[in-house]
Amino acid sequence: MVEKTGGRIIFARTASRFVTGTGINNPVEIGFTWHSTLGVPYLPGSSLKGLVRVWGSLEDGKESKEWVNDDFGSRESGSGDIIFFDALPLRPVKLAVDVMTPHYRQYYQGSAPPGDWQAPVPIPFLTVEANQSFMFAFAPRPGKEVSDQHLDKIEGLVIQALDFEGAGAKTAVGYGRFVIDEVEADR
């Protein structure tokens, strides 16, 4: 479908652990996003669209405002000229348990100042292991004309954003980095 609509497919693998959906309710306190039909971890297309929108506007500065709103949409213009699809794993992924250990839980809850007398409380959460292959895709919205050069630009932004910024949760501490998967691209 992506190819028939003139879109692009990017194959990338996790360069670090990947976690998404930490704010979703879950029996073990930290959520995780599962695809409702396929039952696999994934990155929603809306998350990818937001990541690339921010990365594109940062990279080009002020003069990028118009093309960013055209491609990604705005409150005034609607949904934009580019559709971003959910990023899905290419095969069953390996999951791992990671642990977050906040030391000042009562402080973060607003009930006490931080202090050494507070006991750390380990919080386990699921992650996708490194070296797991995913497929990212985007395409022009039906009826919209988008040049190959423009699609090249967006493809470059997707690759850069996944590599430098990362996707999903906890990117500030190194989670969610992706690199191009040459093996899958050659397949």
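**Charges.** Before anything else, I note that this is a predicted model. I started with the charges: the protein has 18 positive and 24 negative ones, and their mean positions are 4 Å apart.

**Overall layout.** Next I went through the secondary structure and found 5 helices and 7 strands. Read from the N terminus, the order is β-α-α-β-β-β-α-β-β-α-β-α. For the extent, I have a C-alpha trace spanning about 60 × 40 × 25 Å along the principal axes. The accessible surface comes to about 10700 Å², and carbon and sulfur atoms hold 53% of it. Of the 187 residues, 40% are buried. I also looked at contacts with a separation of 6 or more: 70% of them join residues 24 or more positions apart.

**Core.** Which residues touch the most other members of the largest nonpolar core? The core has 33 residues, and my list reads Leu48, Phe84, Phe136, Phe138, Val158, Leu162 and Phe178. Strands S1 (8-14), S2 (82-84), S5 (123-128) and S6 (133-140) each give at least two residues, and so do helices H1 (45-60), H2 (65-72) and H4 (148-165). H4 has the largest share, with 6 residues. A reminder to myself: nonpolar side chains tend to be buried together in soluble globular proteins.

Leaving out residues up to four places away in sequence, Leu48 touches Leu43, Phe84, Phe85, Phe136, Val158 and Leu162.

**Aromatics.** I count 8 aromatic pairs. One of them is Phe18 with Phe134: the ring centres are 5.7 Å apart and the planes stand at 70°, so I log the pair as edge-to-face. The cut-off I need here is over 60 degrees between planes. Phe18 sits in the loop between S1 and H1 while Phe134 is in strand S6, so this pair ties together parts that are 116 residues apart in sequence.

Buried or exposed, I asked of Phe18? Phe18 is buried, with a relative accessible area of 1%. Phe134 counts as buried too, at 1% relative accessibility.

Phe134 has another partner in my notes. Its ring and that of Phe178 have centres 5.7 Å apart and planes at 90°, so this pair is also edge-to-face. The pair links distant parts of the chain, with Phe134 in strand S6 and Phe178 in strand S7, 44 residues apart. Phe178 is buried as well, at 2% relative accessible area. Putting these together, I have Phe18, Phe134, Phe136 and Phe178 in one aromatic cluster. Phe136 and Phe178 were already on my list of core residues that touch the most other members.

**Backbone.** Last, I looked at phi.

- Asn131 has phi near 65°. Asn131 is in the loop between S5 and S6 and is exposed, because its relative accessible area of 52% is over the 50% cut-off.
- Lys170 has phi near 60°. I find Lys170 in the loop between H4 and strand S7 (178-180). With a relative accessible area of 29%, Lys170 is partly exposed.

Methods: Residues are numbered from 1 along each chain as its sequence is written. This is a predicted model: local features need pLDDT of at least 70, side-chain atom pairs count only at pLDDT 80 or more; totals for chains, interfaces and linings use all residues. Side-chain values use heavy atoms; hydrogens and water are left out. A nonpolar core is a set of buried Ala, Val, Leu, Ile, Met, Phe, Trp, Tyr and Cys residues joined through side-chain atoms within 4.5 Å. Buried means under 20% relative accessible area, exposed over 50%, partly exposed in between (1.4 Å probe, protein chains only). Helices (H or I, at least four residues) and strands (E, at least two) are DSSP runs, numbered from the N terminus. Contact means heavy atoms within 4.5 Å. Accessible areas come from the Shrake-Rupley method with a 1.4 Å probe; for residues, only the protein chains shown count as cover. Lys and Arg count as positive and Asp and Glu as negative; His and the chain ends are not counted. The place of a charge is taken as NZ of Lys, CZ of Arg, CG of Asp or CD of Glu. Rings of Phe, Tyr and Trp (its six-membered ring) pair if their centres lie within 6.5 Å; planes under 30 degrees apart count as stacked, over 60 as edge-to-face and the rest as tilted.
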